[in-house]
Amino acid sequence: MTLSEGAIYSLIDIAGNNFWFEKLQNIYSEIPHTTCKCCGKCCKYAPRVYLIEYLQIYKGIKERFPDRFYQVIRKVLEFGFLSLVDTSLSCPFLEEGKCIIYDCRSFNCRVWGHAKEEYYYISIDRARKELEEGRNLWIENFGIQIPDAIVYGHRPFCKDVMPLKGSMLKTDKRESLERRLESINSQLIKGALGTYEEGVLELPVFVCLSFIGPMMFYNSRPYIMEEYQNNKKSDFMDKLIYDSLPSH
Ligand code: SF4
Ligand code: SF4
């Protein structure tokens, strides 16, 4: 999947011409608004997003932060490299307890808090299983140990989320909205990119593919993680990010 900055602008044009951003907004508008204590503690892990959402978030960051666009991107790139070894990290879009892309946040961020407690723990178990499998691969292939605080760092179910009005999103409604989102995303992928790739990734990984490039990102990540675990910093990562961003 080619996601260079130039390719992103072409994809944004294609999505705009096909009214896919409007369709995305229509889906979001059917998710009831909620209220909570806004402590920000549930934003430890970055969300998995659809490609169409990545395009919208990319546009949103450009529009909202014209003066510090690359500063925001730098933080996201650091998260992309270090999220599996630096236990102090939270989602890179969380600043002073607030989401800086709140207006254009992803479907997964919007439906957060709507799940019933039982379903919440089922999805946490699934996420932990994936992380455990990933941890085994990191040890086997690179000798890198992913800390327990990352594999099992999910917060307990939050009981402070309430609908602003009406009721919470029902499971069947959520599934139907997600099917519509998948449909837009697959039209974008098949139509614009000509592939059948899944097109769903952790948001910071999309950003790393755009600014670092897939080969450099996947090849350098193990070295950077190891360097970070040994020194609590990675000079290689700092230089790679510096060299990859057009403005300093
Ligand atoms: S949902 Fe709960 S944990 Fe997340 S910000 Fe709101 S109060 Fe905090
Ligand atoms: S994108 Fe925003 S709402 Fe979603 S996890 Fe990050 S900080 Fe939280």
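**Figure 1. Surroundings of ligand 2 in the predicted model.** Ligand 2 is surrounded by C43, A46, P47, C91, F93, L94, C99, I101, R105 and C109, a residue being near a molecule if its C-beta atom, placed from the backbone, lies within 6 Å of it. This shell comprises nine nonpolar, no polar and one charged residues. Here Ala, Val, Leu, Ile, Met, Phe, Trp, Tyr, Cys and Pro count as nonpolar, Asp, Glu, Lys and Arg as charged, and the others, Gly among them, as polar. This is a predicted model, in which local features need pLDDT of at least 70 and side-chain atom pairs count only at pLDDT 80 or more, while totals for chains, interfaces and linings use all residues. Residues are numbered from 1 along each chain as its sequence is written, and chains are lettered from A and ligands numbered from 1 in the order in which they are written.

Figure 2. The residues around ligand 1 are C36, K37, C38, C39, G40, K41, C42, G113, C158, D160 and V161. By class, six are nonpolar, two polar and three charged.

**Figure 3. Packing of helix α1 against helix α3.** Helices (H or I, at least four residues) and strands (E, at least two) are DSSP runs, numbered from the N terminus. The axes of α1 (residues 5-17) and α3 (residues 51-64) come within 10 Å of each other and cross at roughly 105°. Axes are lines fitted to C-alpha atoms, for helices over the stretch in contact, and angles run from 0 to 180 degrees between N-to-C directions. The two helices are therefore roughly perpendicular, the term for angles of 65 to 115 degrees; those under 35 count as roughly parallel, those over 145 as roughly antiparallel and the rest as oblique. I8, L11, I12 and A15 of α1 meet I52, L55, Y58 and K59 of α3, contact requiring C-beta atoms, placed from the backbone, within 7 Å. The contact has seven nonpolar, no polar and one charged residues. After α1 comes F19, whose phi is positive, near 60°.

**Figure 4. Packing of helix α10 against helix α11.** Helix α10 (residues 214-231) and helix α11 (residues 235-244) pack at an angle of about 135°, with their axes 8 Å apart. That angle makes α10 oblique to α11. S220, Y223, I224 and E227 in α10 meet F236, M237 and L240 in α11. These residues divide into five nonpolar, one polar and one charged.

Notes. Two residues are in contact if their C-beta atoms, placed from the backbone, lie within 7 Å.
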